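Have a look at the model first.

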Amino acid sequence: MKFWKQAILASAALLVAVGSAGAQDVKIGFVVKQPEEPWFQDEWKFAQEAAKEKGFTLVEIGAEDGEKVQAAIDNLGAQGAQGFIICTPDVKLGPGIVAKATANDLKLMTVDDRLVDSAGAPIEDVPHMGISATKIGETVGQAIVDEIKARGWDMAEVGAIKVSYDQLPTAVDRVTGATSVLEQNGFPAANIYNAPQAKTDTEAALNAATTVINAHPEIEHWVAVGLNDEAVLGAVRATESVGIPAANVIGVGIGGAESAINEFKKPSVTGFYGTVIISPKRHGYETALNMYEWIANGKEPEKLILTSGQLATRGDYEAVRKDLGIQ
Ligand code: GLA
């Protein structure tokens, strides 16, 4: 009798041990498309907080193109990782990423940019955390409308630089959200100039915006929208390079990471009026934690989580950041 009791207890203990695959054995990859961008560095930072808290290993990988993504996934597989979170350099890589993850027996979640299938539709099976792109874009548009009014500009004579990156659905939703609010408030659609950027960094945005500004020397007052802070900063830098004063420019970005904050810290005001701060903490910490729970405890993450944003300007960004827990 005693023997059986002990045997049962021993196997129960073994089951518990197997069921909760010791945290120290869990390895999770966090792959991002643009490792030098402050937003992604913040995501990594917060993901590492989750790793520290739960005791798993988080492997940070930058993958700027499709080839690097493939190599990153194989590498994670070879290292014995059990899953990864990715912000892909190109959402059309979707089916390939899913296939590679499956081949390497890795659980897959996406962050920021949602994978699409060959028809361009979102791959809904892969758990995703993104921002509420249209709503946040609308917040950008409203902030610009309010500031145009505050500065007493004649809406009919203002030009809008729309820094666009149409191969990325969240980028389309963000800028469309912004321009739709402009138009609803009487901003002439004909004064919204498209500035397609070749890449999603400041330099590419600066180049795109410069073309627009040079084509319209008659415009004195400019506003600028784009997918993120880098896009809007590029447009603001373009206005500066042709000598348009900061008082004549209203740029509102999306992100709120270091690039935007540095702008607010400059001794004199620039044309970068505000940013809608989004949460790298949720995108980094929460995705990593959710992946960990999936691997260690079999708890499947929600298929779609969309996070919100909050407008911040030079005057109140510190308070907004504190409010969002990203100090
Ligand atoms: C995209 C952008 C990033 C950032 C994230 C937020 O990936 O390229 O700059 O805005 O979305 O989800």
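The second largest cavity has a volume of about 40 Å³. A cavity here is a set of points on a 1 Å grid over the protein atoms alone where a 1.4 Å probe fits but cannot get out, and lining residues have an atom within 4 Å of a point. Grid points are joined across faces, edges and corners, and the volume is the space filled by probe spheres set on the points. Around this cavity you will find M109, H128, M129, N290, P301, E302 and I305. Four of these lining residues are nonpolar, two polar and one charged. In this scheme Ala, Val, Leu, Ile, Met, Phe, Trp, Tyr, Cys and Pro are nonpolar, Asp, Glu, Lys and Arg are charged, and the others, Gly among them, are polar.

Before moving on, a word on the model: it is predicted, with local features needing pLDDT of at least 70 and side-chain atom pairs pLDDT 80 or more, while totals for chains, interfaces and linings use all residues. Residues are numbered from 1 along each chain as its sequence is written, and side-chain values use heavy atoms, leaving out hydrogens and water.

In total, the structure holds two cavities of 30 Å³ or more. The largest cavity contains about 180 Å³ of space. It is lined by 19 residues, of which E37, W39, F40, R174 and N228 are the closest to its centre. Its lining comprises eight nonpolar, four polar and seven charged residues. At least two lining residues come from each of α2 (38-54), α8 (229-241) and β9 (249-255); these are DSSP runs numbered from the N terminus, helices being H or I with at least four residues and strands E with at least two. Domain 1 (27-126 + 280-307) and domain 2 (133-278) each give at least three residues to this lining, with bounds from an automatic or database domain assignment.

Now for the ligand. For R174, a polar side-chain atom is 2.8 Å from a ligand oxygen.

Methods
On a 1 Å grid over the protein atoms alone, a cavity is a set of points where a 1.4 Å probe fits but cannot get out, and a pocket is an open set with protein on both sides within 12 Å along at least five of seven lines; lining residues have an atom within 4 Å of a point. A polar contact is a pair of N or O atoms within 3.5 Å; within protein, one must be able to donate a hydrogen and the other to accept it, and residues adjacent in sequence count only if both atoms are side-chain atoms.
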